[in-house]
Amino acid sequence: RAISSAKNTHRVFFAIIQIMKYDLTNLDSRAFEALCADIVKKETKERVEIFSAGMDGGIDGRFWFGDNKKGVLQAKHYPVASSNVIKSAATRELPKMQLIKPDRYIFMTSGKLSVSSKDHIKNALSPYILREDDIWGYDEIQTYLLQEDNFDIVQKYPQLFVYSTQILQRVFGDSFKILLQGGVNGRSGFLLDEIKNYAKKF
């Protein structure tokens, strides 16, 4: 029964997030860096080192792969910044990378990036960014976190869905409050239907 209840809760939360998406603005810079490190760790299957604030020497994470090759993670938490601001911030990283000389460089930002912005960043940080898919913006991070297989990462950062759950509790009242308290049996299906109907209004 406990397993069934947990699965129901999981289904409802995913239905909620598909509507609201994760709110990256609730993360501070350090939490965003840790989130990015968790994503890179899962994607590369390598341990990612993260460093104390102000002591990173220009990098936010480091990992080793292949035959003792060095990978570097840079995380820029600019959720409301323009693409020009993000591109300028990325360009300023080049002198640091010329000193560090990573074999792979992953650039992640909470801001939104167009295809042309990604091209600009890749060219500005050549030859350290090997491929465009080593540049992650808001959309790539959201898409990754919205995959059910990656819910283990999301669970470490409850700030990501605090705003969403507050809205849903306000909209659905006691039904949602009972769900949060674990009383999902017999109510999860009803609440899922309510959520789907709510989604149609957007």
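Predicted model: local features only at pLDDT ≥ 70, side-chain atom pairs only at ≥ 80, totals over all residues.
The axes of H2 (residues 29-44) and H6 (residues 138-145) come within 12 Å and cross at roughly 65 degrees. On the H2 side the contact is made by Phe 32, Leu 35, Ile 39, Lys 42 and Glu 43, and H6 answers with Ile 141, Tyr 144 and Leu 145. By type, the residues of this contact divide into six nonpolar, two charged and no polar.

Five strands form an open sheet in the order S1-S2-S3-S4-S5, with mixed pairing. Strands S1 and S5 are the edge strands, each pairing on one side only. The residue ranges are set out here:

| Strand | Residues |
|---|---|
| S1 | 48-50 |
| S2 | 61-65 |
| S3 | 69-76 |
| S4 | 104-109 |
| S5 | 135-136 |

S1 and S2 pair in the antiparallel sense over three bridges; Ile 50 has Gly 61 in S2 as its bridge partner. H2 lies across S1, S2, S3, S4 and S5, and runs at about 145 degrees to S3.

Which residues have the most contacts inside the largest nonpolar core? They are Leu 35, Ile 39, Met 108, Leu 145 and Leu 160, in a core of 28 residues. At least two residues each come from H2, S3, S4, H6 and helix H7 (151-154), and H2 gives the most, with seven residues. Leu 35 and Ile 39 of H2, together with Leu 145 of H6, also belong to the helix contact described above. As a general point, nonpolar side chains tend to be buried together in soluble globular proteins.

Leaving aside neighbours within four places in sequence, Met 108 is in contact with Phe 32, Cys 36, Ile 39, Val 40, Leu 73, Gln 74, Ala 75, Lys 76, Trp 136 and Ile 141.

Finally, back to H6, where Tyr 138 has its place. Not counting residues up to four places away in sequence, Tyr 138 touches Lys 21, Tyr 22, Leu 24, Thr 109, Ser 110, Gly 111 and Lys 112. The C-alpha atoms of Tyr 138 and Tyr 78 are separated by 9.6 Å, although these residues are 60 residues apart along the chain.

Technical notes: Residues numbered from 1 in each chain as written. Heavy atoms only, no water. Pairing = 2+ DSSP bridges. Helix = DSSP H or I, 4+ residues; strand = E, 2+ residues; numbered from the N terminus. Contact = heavy atoms within 4.5 Å. Axes fitted to C-alpha atoms, helices over the stretch in contact; angles between N-to-C directions. Nonpolar A, V, L, I, M, F, W, Y, C, P; charged D, E, K, R; others polar. Core = buried A, V, L, I, M, F, W, Y, C linked by side-chain atoms within 4.5 Å. Buried < 20%, exposed > 50% of the residue type's maximum accessible area, 1.4 Å probe, protein only.
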